[in-house]
Amino acid sequence: IKHNSSKNGSVFTVKDKGTLNLYDCTPERTHDNLPEELAGITGGIITGGKGSDGGGMNVSTLYGVTFNMYGGTVAGNSATGSGGGVYINSAVFNMYGGEISRNRLESTSTAPYAGGGGVSIKDGINKASTFNMYGGKISNNNATASCGGGVHASGDLVAINMERGIIEKNSAYAGGGVYLDEARLDLYGGEISGNTAQDNTTSGGEGGGIHVRMGSLSMHGGAVERNSASWRGGGVYVNGGDLTLYDGKICGNTAYGHTLQYTGLYSAGGGIYVRSSTVPVQILGGEISGNTAEHFGGGFSAYWSSGSADADQTVITVSGGPKIFGNSSGDDGLPDNVRLGATGNTPQYYQLIAVGDGGLSASASIGVTSSAATLPIPITEATDEAYANCFAADDSSLYRVEYADGRLQITQGGSHIH
């Protein structure tokens, strides 16, 4: 189904009540009249839409609509507002299969409520929207100068549940894969991979895989891997929201290549970067490994300020058996897992790790690095001396983790003692 190119508008517009089910046609059907960038697509395709919101599909309602996607392809559409491929407002979108690919958002706005090269989901006034991803693929969509290359979600009544499927190879300025503006994402399975957050004309890319702005991300499984950001948060970037990792993997992401020449803009947080958060990041399981950053914080890095120059600040709460290892930074690839130390220009206070309810299991493995010049560096208050076995100084030839006076700390000397 191809839009009449002489007019602007969505290919499909769905309003008020009912259910739309999208299936595929003959899977082996080929198309001779597609533009070069859509070459190779077979089966049913919705293409050529040029709308304000939702170039391919606009599902916006006051009274409730459900859109079920079982197959087919939404590709080669564009929008100037939100949702190059699909736009959802006050509705339910269930994706079981099919593909949303090679759509684009033609907007230079970096406003958090506008975005989505592939899909944009918003709430209405007191009306919720839900996106359940049970399968399918969202790939190769573009919101280069805006937010949410693959998926953009805006509003505190918006919920995304991802159980299977793939969000890959999308690009944007913020949130190459997924951008959350006050919205919630629960990741149970599937893969968010190979997405890119790249420089725009004013700033560097943040959140190659997922960007959380005043929203909430809970990982129960799945993988955020092989994503990249030119500035901060190759895998995940958090600004004013919250992050809880119960299980799953954040692996092989990079923060590297920021090109804008501003003082102090360092590429950091290959796996996770936290600009600020409503609560400490909760790492209760899962794995953060194989991530890299150009300057510091290969696994985890944070810029955190409570506004008090003499207040130590807890940035991570850990319990269970999380594994944070094998991350690195710098041209030499030096070990750099969780970057602790003084923040800003006030070395009087430190970023700390807290041990949460239930404590740490013997399987926990957390590497720590400090940028502070004065030793010892506090890691956490510890009631159990055995927790020293759960932490390791990244540069074990120069530093060790020791237990002293009811806390764990980084101090001079190789190997850890307790």
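Visitor: What are the ground rules here?
Guide: The model is predicted, so local features need pLDDT of at least 70 and side-chain atom pairs count only at pLDDT 80 or more, while totals for chains, interfaces and linings use all residues. Residues are numbered from 1 along each chain as its sequence is written, and side-chain values use heavy atoms, with hydrogens and water left out.

Visitor: How many salt bridges are there?
Guide: Nine. A salt bridge here is a side-chain nitrogen of Lys or Arg within 4 Å of a carboxyl oxygen of Asp or Glu.

Visitor: What does Arg-104 pair with?
Guide: Glu-106. The closest N and O atoms are 2.8 Å apart.

Visitor: Which residue forms a salt bridge with Glu-168?
Guide: Lys-137, with the closest N and O atoms 3.6 Å apart. This pair links distant parts of the chain, 31 residues apart. Glu-168 sits in strand β19 (residues 166–168), and Lys-137 in strand β15 (residues 137–139). Strands are DSSP runs (E, at least two residues), numbered from the N terminus.

Visitor: And is Glu-168 buried or exposed?
Guide: Glu-168 is buried, at 14%. Lys-137 is partly exposed, at 27%.

Visitor: What about Arg-226?
Guide: Arg-226 bridges to Glu-191, with 3.3 Å between the closest N and O atoms. Arg-226 is in the loop between β27 (223–225) and β28 (228–229). Glu-191 is in strand β23 (residues 191–193), 35 residues apart from Arg-226. Glu-191 is partly exposed, at 22%.

Visitor: Which residues are in the network?
Guide: Glu-191, Glu-225 and Arg-226 are linked by salt bridges.

Visitor: New topic. What is the strand order in the open sheet?
Guide: β44-β47-β46, three strands with antiparallel pairing. Two strands pair if DSSP finds at least two bridges between them.

Visitor: Which strands stand at the edges?
Guide: β44 (377–381) and β46 (399–404). Each has a single partner strand, so one side of each is left without a neighbour in the sheet.

Visitor: What's the twist?
Guide: It averages 30° from one strand to the next. Axes are lines fitted to C-alpha atoms, and angles run from 0 to 180 degrees between N-to-C directions.

Visitor: How many bridges join β46 to β47?
Guide: Six, and the two strands run antiparallel. β47 covers residues 407–412. Tyr-399 stands opposite Gln-412 in β47.

Definitions and conventions: Helices (H or I, at least four residues) and strands (E, at least two) are DSSP runs, numbered from the N terminus. Buried means under 20% relative accessible area, exposed over 50%, partly exposed in between (1.4 Å probe, protein chains only).
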